[in-house]
Amino acid sequence: MNILFLIGPTIMIYIGLIALENVVVTFALFYGWLLLLPIIFKTKVNLKIDSRSLLAGIVTGLLSLGAIFGAVALLQDSVFDLNEVRELLATWDFTGVKVIGLVFVLIFINPFLEELYWREFMYGRLAERGFGKAIGITSFFYALYHLFTVYLIFSFPFNLIAVLPVFLSGLMWGYMRFNLKSIAAPVISHMLADLGIMMVYFSFIA
């Protein structure tokens with residue numbers, strides 16, 4: 001059963017983004033999966049915020065934001081063709097007034113649901129294998145579905161290289177969850193990282 005739970009989010013992304021080529025449908029399928037599974041299995045959520053969690057989340061989040069924006073700013077001419085990216089986003093229906101709602105989801109809802117699913121629900125199901133294996137497995141499958149977006153948006157070999165920071169972020173957030181016994185810090189850090197992605201979009205693509 002765990003393998004289905006691990007691969008499920010990737011299947012939802014594939015159906016919505018690759019098969020149907022629609023971001024709105026993708027969001028509905030993907031976030032529906034991330035939300036319903038923890039609810040169905042009555043996952044206990046620890047969102048305890050203390051000074052350590054707050055500091056860890058803000059510091060790692062700002063570092064992630066700076067790394068994302070800085071890397072793209074320096075390598076933008078190499079990593080993607082702006083016209084191709086705009087055409088691709090139009091194909092996915094990531095245009096017009098929908099963008100405002102989708103950006104809100106990506107910054108405020110996506111971090112919570114992804115951390116809830118990977119660092120709480122799936123981590124809990126795999127914890128008996130040891131925290132190292134649980135963090136590694138969840139990080140791998142968390143990074144897996146990002147292949148679909150980065151492969152299409154960025155040019156080779158940056159599209160493959162871009163998945164590595166996603167995997168490393170998963171390891172970092174998994175360790176933070178283990179060490180701080182809460183997903184509060186990973187959620188804060190994840191929000192700032194996603195803000196960096198949106199800053200790239202509005203600075204270089206929109």
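Modeller: Two rings of Phe, Tyr or Trp (its six-membered ring) form a pair if their centres lie within 6.5 Å; planes under 30 degrees apart count as stacked, over 60 as edge-to-face and the rest as tilted. The structure is a predicted model, in which local features need pLDDT of at least 70 and side-chain atom pairs pLDDT 80 or more, while totals for chains, interfaces and linings use all residues. Residues are numbered from 1 along each chain as its sequence is written, and side-chain values use heavy atoms, without hydrogens and water.

Biologist: Which residues form one aromatic cluster?

Modeller: The cluster consists of F5, F27, F30, Y31, F41, Y117, W118, F121, Y142, Y145 and W173. By the pairing rule, the count comes to 18 aromatic pairs.

Biologist: Why is the pair of F27 and Y31 called edge-to-face?

Modeller: The ring centres of F27 and Y31 are 5.2 Å apart, within the 6.5 Å limit, and their planes stand at 80 degrees, over 60, so the pair is edge-to-face. F27 and Y31 are 4 residues apart in helix α2 (residues 23-40), that is, separated by about one helical turn. Helices here are DSSP runs of H or I with at least four residues, numbered from the N terminus.

Biologist: How do you know whether F27 is buried or exposed?

Modeller: Buried means under 20% relative accessible area, exposed over 50%, and partly exposed in between (1.4 Å probe, protein chains only). F27 has 15%, so F27 is buried. Y31, at 9%, is buried by this rule.

Biologist: What makes R125 count as lying over the face of F41?

Modeller: A charge sits over a ring if NZ of Lys or CZ of Arg is within 6 Å of the ring centre and within 35 degrees of the ring normal. R125 lies at 5.1 Å from the ring centre of F41. K181 lies over the face of F178, at 4.3 Å from the ring centre.

Biologist: Why is L116 called buried?

Modeller: The relative accessible area of L116 is 5%, under the 20% limit, so L116 is buried. L116 is found in helix α5 (residues 98-126). Leaving aside residues up to four places away in sequence, L116 touches L34, P38, V45, F121 and I183, where contact means heavy atoms within 4.5 Å.

Biologist: What makes helix α3 bent at A73?

Modeller: The bend is the angle between axes fitted to the seven residues ending at a residue and the seven starting there. For α3 (residues 51-79), that angle is about 50 degrees at A73. The buried residues of α3, including S53, G57 and L65, pack against α7 (146-153), α8 (158-161), α9 (163-180) and α10 (184-205).

Definitions and conventions. Helix = DSSP H or I, 4+ residues; strand = E, 2+ residues; numbered from the N terminus.
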